[in-house]
Amino acid sequence: MKISFNINFHTVWGQVLHVIGSIPELGSWNVSVAQPMQYAGEGNWNLEIELPDEEISFEYRYFMSSNEKLIFEEWQKNHHFSGCGVESSYFLHDYWQNRPQNQAYYSSAFIKSFFAPPCNKFERVIKSNKKIIIKVLAPHIGRNQSLCISGNQEELGNWDTHELLVMACDHFPEWNIEFDADKLTYPIEYKFCIINNNDKDVVRWENGDNRILNLPPLKKNETGIISGLQFREYQANWKCAGLVIPVFSLRSESSFGIGDFGDLKKMLDWVRLTSQKIIQILPINDTTKTHTPQDSYPYNAISIYALHPLYLNLEKMGTLNNISRNKYYKQIQVELNNQDSVDYESVDRYKWEYFHEIFSQEREKIQLSPEFQLFFEENKEWLIPYAAYSYLREKNKTCDFHQWKDFSKFEKSKIEKLCSTQSSHYKEIAIYYYLQFHLHKQMSEVRDYAYSNGIVLKGDIPIGISRTSVEAWTSPYYYNMDKQAGAPPDDFSVNGQNWGFPTYNWDVMENDDYSWWKKRFRKMSDYFDAYRIDHILGFFRIWEIPEKSVQGLLGYFNPSLPFSMQEIENAGLDFNVERFTTPHINEIFISRLFGEYTSEVKDVFLERSSSHHFALKKRFDNQRKIESYFHDKNDEKSHIIKEGLYSIVNEVLFIEDHQKIHHYHPRIAASTSFIYSELKNSDKYAFDYLYWNYFYQRHNEFWKEQAYKRLIPLISCTDMLVCGEDLGMIPHSVPEVMNKLQILSLEIERMPKKSNVKFTDLKQIPYHSVCTTSTHDMSTIRGWWLEDREKIQLYYNQVLQREGDAPPDCPAEICEQIIRNHLDSPSMLTIIPLQDWLSIDDRLRKTDCESERINIPANTNHYWRYRMHLTIEKLLDAEKLNDSIREMIEKSGRNE
């Protein structure tokens, strides 16, 4: 069988087009052995290959190289070929596939849920030894609509709308139609349109000029295939509304003190009932480290693959044969469900009791089942290390693998021996296989139920990993274990945030083609069709903090371009390394910090470093030592002294780069420091210039390059819809990169991205965005109303256009107006927290709005325990609320 690849693509001298595909003859997706094409003039490129005369299917795409390096490739949607090779040949006439105007419509979120595949399976069969097949991608078509073609000759209906030819759709969103090549004359002019299946009326024609096709004459038994076309239409504005809630916050009559995957399935019924189309949850990976409330932090997972055992619905796992034990757990269930919030420690203890009992009862039956064996075989690459880690954590009573003696360093052979079925520890290890199998089953059931209801599940990918996680144990070379990730000071935390995660070693990750990230994304696509990239700014640069620091003020961006001493001096600053990089303070500053405790602080913590200045004594020269000293001291005096000592540690203008000697980063928020206030005016001016240049100009192109290099291969490895959390100190290049890659931005009214603006103008936010009233790191609408009276008054008068004084509390009618404004925005997705949906009904909303807050970022030890106060069953019966939400969504045009 002969296949001829043909494409028209204009290049310059030295550039070469290649075909790469899923079969060995096309390199099996290996760029280094991809087939180069031959240039035939006037932009035409071709390549011929011979394949065995048998039925075959494969995918392929084109890319361009220069100096044997890939420099440009088609958009991620591959061309598909299927053919039977018995005495036949194929002429593939392809069009280069550019990124479509609405790439989101081609994501699995749309083609599996939002735009459900059309019911029309019409196929036109042509009996001819010369065929033309035309393929086109067209996702934005309703369930009861079809794509048609019409053209300038009889075989194409002569542009008669009563003679439109309906196309087949075997693999949505690709449509195709066959023609007898002998009945066509060139040039062919044609166009696509969409019709209603019921009355055959045209809904809309594609925009633009008529398409023109010229092909060379086909030979006997040759088929010409036209591929790479996209239905052309003006900027569409399909929109929907949805819900965001953590799984642990769900509550139903069958819960066990915490939300679970059974509750998530039930919540889909409420989402459907209220005309919402998407539900977003927080990360659901296992965070078990200590079996205490510290494990409640969902962004500090011990595995990027394993799901959290606490999200298992016990009833779906099976019933214990012991009747008295069943009664015991039913009683515990009642007690836990009666609590207002999650009692993490109790839930963990009792659920694990149940896990051990049901595992002991069901283990042999489950492990012999073909379903379990298939799951184990498909997931053993991560499942075995995870189970070994979990077993060793319990055995050693610590998640710090450095204390695991013979297993402190991961050795594959040792782990395989430990986890073998012949091992005396196998039963203790196998329980983790068993639990992950059930988690996979239950979450897959939720996914399938969401598909059947046209609802999209949106997940969350944390930016970091725990420094005592499975991945840190098995592959430490991917991380900078001596650094911590965080965020510079922002609206969430005035001292910056320290998340404690190690930062990524991007050079190592790049060298293996980001396989770590790709595996992570692909695993997520098992359950989700959309995802939120937590802190997407981390793919441009991360705020990197020394391992011994507690706060985020002594961090700097990585990668970055620190200043050399020469650059600093050229800016006009009389640079003194000792003076500007080592904390020094005087008597006045000490008195201001410590007040009545000044003399005590001098005696215990400070030493005179010069005639006018003091510095911290060496044993207190970093934040970790200060934190350790005051660990058990919670009185007001200790708090004042501790915060004062932190301020001294931060008394520097520059931080030296840990890789480049004699290169320096301006310290974030340095203009608020005592040392800055002591500068002469000319030095202040010079420092201000360096500061502005470093944080707002110097890195724009550099960070843009980093982001493209990292994000393109990652978002292309699955078909999921990509959303990015782009809050905080946003580099100038971020909107450009997200717009080009069509990653949906996050837009929040009370967190404007424009400077000198109090509130985001919801009418002006981009279409490719997610609009929300708040996030898990923020207060709810009602909580926000209580935070800043002056700001709320401005919002009440200017944004809500209401006269007079703002009410002290936010009544239901104002909450409803705020949500309506968000629904009326241009954003593709408006996703509202459950707490804010409930706020529009005075009878249903919780009295204490402060208890509805999920997280306080400034508190690194925050207990994540919010739980909805109504059961999902009662929510389904709340007719007034549900009718209101449906009306709001339908009126906003988000129920297409």
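Author: Let's start with a cut-off: an angle of 65 to 115 degrees between axes counts as roughly perpendicular. Keep in mind that this is a predicted model. Now take helix 5 (residues 344-367) and helix 8 (residues 426-452): their axes cross at roughly 90° and come within 9 Å. Helix 5 and helix 8 are therefore roughly perpendicular to each other. On the helix 5 side, the contact includes Trp 352, Phe 355, Phe 359, Arg 363 and Ile 366, while helix 8 brings in, among others, Tyr 426, Lys 427, Ile 431, Leu 435 and Phe 437. Sorted by type, the residues of this contact are twelve nonpolar, four polar and three charged.

An open sheet is formed by four strands in the order 24-23-27-28, with antiparallel pairing. Its edges are strand 24 (497-498) and strand 28 (556-558), each pairing on one side only. Strand 24 is joined to strand 23 (residues 483-487) by two bridges in the antiparallel sense, and Gly 486 sits opposite Asn 498 of strand 24.

And the cysteines? The disulfide count is zero, with a bond needing sulfurs within 2.5 Å. For Cys 148, the closest cysteine sulfur is in Cys 193, and at 4.9 Å that is too far for a bond. Cys 148 is also buried, at a relative accessible area of 0%. Cys 849 is in no disulfide either, as the nearest cysteine sulfur, in Cys 815, is 9.2 Å away. With 10% relative accessibility, Cys 849 counts as buried too.

Definitions and conventions: Residues numbered from 1 in each chain as written. Predicted model: local features only at pLDDT ≥ 70, side-chain atom pairs only at ≥ 80, totals over all residues. Heavy atoms only, no water. Axes fitted to C-alpha atoms, helices over the stretch in contact; angles between N-to-C directions. Parallel < 35°, antiparallel > 145°, perpendicular 65-115°, else oblique. Contact = heavy atoms within 4.5 Å. Nonpolar A, V, L, I, M, F, W, Y, C, P; charged D, E, K, R; others polar. Pairing = 2+ DSSP bridges. Buried < 20%, exposed > 50% of the residue type's maximum accessible area, 1.4 Å probe, protein only.
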